[in-house]
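Hello,

Here is the structure you asked to look at. Please open it first, then read the notes below.

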Amino acid sequence: QFDSVLNLPLTGNPDDIRKMPYVFLAGMTGVGKTTFVEKYCNQPKNDRRLFRYLDKKEWAKPPGTDKEIKYLFIDEATLKKTEFTEFEGLFDDPPIIVIDGDIIELTSRHKLVFAGNAVSYSADRTLASLFKRHGGSTLFSVFPPEYIYEEILKPLLKNVPEEAKKITIATPILSAYQFLLRESFSDVLI
């Protein structure tokens, strides 16, 4: 699922990395954008490391291995009162970023992940000029019940020995999840 949502590689092979240096995950509040990024972009065993905006100096350092992919995560991007022009250099060849007046050369394994609600969500949200110029947005939908079961409920039920009993316990929870999803068009109610 990681590849299909972020369209970013798992292998770390520079030939596999798409040309776009960032992705913007747009979606309703509560669909799991932040949780998804924190889980799938922060797997040191798989050479994926996650950094927050305040750690962008550390993110900008060269990857530690030939396979490591470094992700800088900026959450609530549509609430920020910035145009994110500091990231225009990511489209240069080679990609660069200016931090504290220093020009730092990056690699194709430096990736940027933005997350936020659509600008139509509320009047205080704006679309940064970076996104207007370059696109790179993808709609992050709610997780299907199968994902909720496998990734969230099943680990919680790890001490229940029988699969049939796990399903029996999970079924009413998943039914409630689906009901709540049908009742809201702007927020995830669970």
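Phe36 and Tyr40 are both buried. Please keep in mind that the model is predicted. Phe36 and Tyr40 sit in helix H2, which covers residues 33–40, and because they are 4 residues apart there, about one helical turn separates them.

The structure contains 10 aromatic pairs. In the pair made by Phe36 and Tyr40, the ring centres are 4.8 Å apart and the planes meet at 40°. Planes under 30 degrees apart would count as stacked and planes over 60 as edge-to-face, so an angle between those limits is called tilted. The pair of Phe36 and Tyr40 is therefore tilted.

Phe84 and Phe87 also form a tilted aromatic pair, with 6.3 Å from centre to centre and 35° between the planes. Phe84 is buried, and Phe87 is buried too. These two residues belong to one aromatic cluster, together with Tyr22, Phe24, Phe91, Phe114 and Phe131.

The last item is Arg109. This residue lies in the loop that runs between strand E5 (102–105) and strand E6 (110–116). Is Arg109 buried or exposed? Its relative accessible area is 12%. Buried means under 20%, so Arg109 is buried.

Which atom of Glu68 lies 3.1 Å from a polar atom of the Arg109 side chain? It is the backbone oxygen of Glu68. In sequence, Glu68 and Arg109 are 41 residues apart, while in space their C-alpha atoms are 7.0 Å apart.

Regards

Terms used
Residues numbered from 1 in each chain as written. Predicted model: local features only at pLDDT ≥ 70, side-chain atom pairs only at ≥ 80, totals over all residues. Heavy atoms only, no water. Phe/Tyr/Trp six-rings, centres within 6.5 Å; stacked < 30°, edge-to-face > 60°. Helix = DSSP H or I, 4+ residues; strand = E, 2+ residues; numbered from the N terminus. Buried < 20%, exposed > 50% of the residue type's maximum accessible area, 1.4 Å probe, protein only. Polar contact = N/O pair within 3.5 Å; in protein donor to acceptor, adjacent residues only side chain to side chain.
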